[in-house]
Amino acid sequence: RSATFDITAAPLTLTFTTKPANTTSMASLSTAVTIYMNGVKQTSATSTISLAMTSGTGTLTGTTTVNAVAGVASFSGLKVNLAGTKVITATLLDVTASPYSCTFTVTVGAASKLVFATSPPNPSIVGVAFNPQPVVQVTDLGGNIVTTPQYTVAIALYSGTGTLGGTKSMKTTSGIANFVGKGMSISATGNKVLRATATGLTAGESSVFTVNAARRLMAETEAVELEVVDNGSNGTDGFLSF
């Protein structure tokens, strides 16, 4: 008879059998993770596998947790908003196994919308140029700045009363319309919203801001009278008024 001994199962491992392809911001991507033991695919495995972005900026959205079918967890419709190099990591949630990662790249997508990077200050003063002036960016769906082509951005009063003064239209430079020095201001008090438009892009709105009346400093003068006296402090029937 042999001595008693224990038999322990080999650890499970994960592999990206379909790695995410390099893609553009907010484009749909797919991947598949397979469960192995000793290099053999575990076709009976139905464990839950979760994906998370563990390196790189932005957010991984979509269905990031699925159950394996015949040892394979298939993910589709995933999206990442910000451009750059990313690392996603697969983890088994209900069984002990080492996480497994892979790397892919997200690039800037096509120009899609306008975004106010800088809205008028809150509060602002009626008739006084905003400080700072608005700054509008051309971005893709994920919020990345799209540097080309060049667009003409126009700003108008979208909500609230009054007239928007100053230079209200300009061309973008590297995806940005910076209205510094353009003297935009509002002629009436109250809550306002500005809107930026450009041909072919979704319009963008500024944050709500309040325009207050200008304060007037009222100078009050008080008359002062001094009696004129001689060296003996005797009045001389004379007064000096200021």
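Strand pairing in a predicted model

Me: In β10, which residue is the bridge partner of T23?
Reply: V106 is the bridge partner of T23 in β10. This is a predicted model, where local features need pLDDT of at least 70, side-chain atom pairs count only at pLDDT 80 or more, and totals for chains, interfaces and linings use all residues. Residues are numbered from 1 along each chain as its sequence is written, and side-chain values use heavy atoms, with hydrogens and water left out.

Me: How many bridges join β2 to β10, and do they run parallel or antiparallel?
Reply: Two bridges join β2 to β10 (residues 100-107), and the strands run parallel. Strands here are DSSP runs of E with at least two residues, numbered from the N terminus; two of them pair if DSSP finds at least two bridges between them.

Me: What is the order of the five strands in that open sheet?
Reply: The order is β2-β10-β9-β5-β7, with mixed pairing. The edge strands, β2 (23-24) and β7 (65-67), each pair on one side only.

Me: Switching to β19. How many bridges join it to β14?
Reply: Five, between β14 (residues 152-159) and β19 (residues 190-197), running antiparallel. A156 has R195 as its bridge partner in β19.

Me: And how many to β21?
Reply: Three bridges join β19 to β21 (residues 209-212), also antiparallel. G190 has V211 as its bridge partner in β21.

Me: What about β20?
Reply: Two bridges join β19 to β20 (residues 204-205), which run antiparallel. The bridge partner of A196 in β20 is G204.

Me: Which residue in that hairpin takes a positive phi?
Reply: G200, near 85°, in the hairpin of β19 and β20, which has six residues between the strands.

Notes: Helix = DSSP H or I, 4+ residues; strand = E, 2+ residues; numbered from the N terminus.
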